[in-house]
Amino acid sequence: MTDRDLPVTEEELHAYVDGELPSDRRPAVEAWLAAHPDDMARVNGWRALADAIRARYGAVATEPVPARLSLRQIERADRSWLGVAAAATIAAFVVGGAAGWTAHDVTTPRPNAAATSTAEAVDAYKLYVVEVRHPVEVPGSEEAHLTQWLSKRVGYQLRIPDLSPVGLKLVGGRLLPGPRGAAAFFMYESTTGERFTLYSTRAGGPDSALRYNVDGQVGALYWADGDIAYVVNGEASQERLHKVAETVYAQIERAPAR
Amino acid sequence: MSGFRSDVEAAIPALRRYARALTRDAETADDLVQDTLVRALRSEHLFHGGDVRSWLYTILTNLNRNRLRSLARRPVMTLIGDDDAPEMSGPEAGSRDIERALASLVEDQRAALLLVVLEGLTYREVAEVQGVPVGTVMSRLARARAQIKAFLDGERPALRRVK
């Protein structure tokens, strides 16, 4: 029996094309291909495919790298993100003394979706509602851009409710780290400076009807619709908060843009 | 540790190339690269030597899998008029065929094929990136090539004319 007669496996043909074949098997594979035109045609097809992929995408590596991918820029952006995360963590623990479940649920291995999302939303509310100069990343005047950007980051279509029926105007929104990926955060303000926020992220839990919670002065109403959780926060009476949440709920329900 | 940083920096063009072929969309691809770099810099302390490039490919491959998983929950959007585009010939038709052929693959096969033929990783390196045995990488490659051949045979035979 000569090399020429040794059976060549399908795997060896691929390895041959990919330069992964041990050199002592090369002669056998080349002899096999010379004797089997069908296999030769397949091997040539695979090579042509590799050439075509390289021809199509190879030049991407020679394009100038966009500024947003420079390490300096990424580090700078990330540092400010870490600052926010650290501040939110501190807020969670400071508040924890007054409202046991906030800090508790953050550290429980498998916290329930409602408590986690609510805790995150309350933390964000406390962190940003006191901001005078930079409460949001994108102002409400750029609502279309805000919707598009945050929808893309959270991974589902958002709808920014119009809360003018309850006397609130959109201040704007920002992207936040949520318990299960990104979260969208919107802030509203009345003419008297009263602020409410709407927080939305992947629920990671079952559908849920409205749940009310109060953490110090900050009220929270949580609900989940499909895989999406919403939390409305504000320092207002339960009645007033309910009214705001109902307005949000009605508009999201009326036009489920998913 | 500046060695780590410069290794990461040197890998960016290749990561962009891989991400572009993986997603077939320039903006999505650069978003993926950006997320990969953020994660890499943030978890530098978790990197215990080895090949920085393979490690970056691993992060990017995983992030893309997560991205597709979350996309799967959303309705599929089809570009209107995509199928009505006039017949093309020449290199333009070839590059279109390649994009569509890659799109016809399941994610793990697409990643395996691109890591080997575009990024020049060895089977062993791809096995590490995908977290599977080498044999699984080889069967993914074989299935990817068979699928693309079937796809192109059913379409315009532009690719086969290349050779």
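## The contact between the chains

In this predicted model, 31 residues of chain A are in contact with 38 residues of chain B. On the side of chain A that touches chain B, the elements that give two or more residues are helix 1, helix 3 (37-57) and helix 4 (71-96) of chain A. Helix 3 of chain A supplies the largest share of that side, namely twelve residues.

## One pair of helices

Helix 1 (residues 10-17) of chain A packs with helix 7 (residues 134-154) of chain B at an angle of about 85 degrees, and their axes are 10 Å apart. Angles of 65 to 115 degrees count as roughly perpendicular, and helix 1 of chain A and helix 7 of chain B are therefore roughly perpendicular to each other.

In this contact, Glu10(A), Glu11(A) and His14(A) from helix 1 of chain A meet Met138(B), Leu141(B) and Ala142(B) from helix 7 of chain B. The residues of this contact divide into three nonpolar, one polar and two charged.

## The nonpolar cores

The largest nonpolar core has 50 residues, of which Tyr18(B), Leu56(B), Ala112(B), Leu114(B) and Leu115(B) touch the most other members. Leaving out residues up to four places away in sequence, Leu115(B) touches Tyr57(B), Leu121(B), Val126(B) and Val129(B).

Conventions:
Residues are numbered from 1 along each chain as its sequence is written. Chains are lettered from A and ligands numbered from 1 in the order in which they are written. This is a predicted model: local features need pLDDT of at least 70, side-chain atom pairs count only at pLDDT 80 or more; totals for chains, interfaces and linings use all residues. Axes are lines fitted to C-alpha atoms, for helices over the stretch in contact, and angles run from 0 to 180 degrees between N-to-C directions. Helices (H or I, at least four residues) and strands (E, at least two) are DSSP runs, numbered from the N terminus. Angles under 35 degrees count as roughly parallel, over 145 as roughly antiparallel, 65 to 115 as roughly perpendicular and the rest as oblique. Two residues are in contact if their C-beta atoms, placed from the backbone, lie within 7 Å. Ala, Val, Leu, Ile, Met, Phe, Trp, Tyr, Cys and Pro count as nonpolar, Asp, Glu, Lys and Arg as charged, and the others, Gly among them, as polar. A nonpolar core is a set of buried Ala, Val, Leu, Ile, Met, Phe, Trp, Tyr and Cys residues joined through C-beta atoms within 7 Å. A residue is buried if 20 or more other C-beta atoms lie within 10 Å of its own, exposed if 12 or fewer, and partly exposed in between; C-beta atoms are placed from the backbone.
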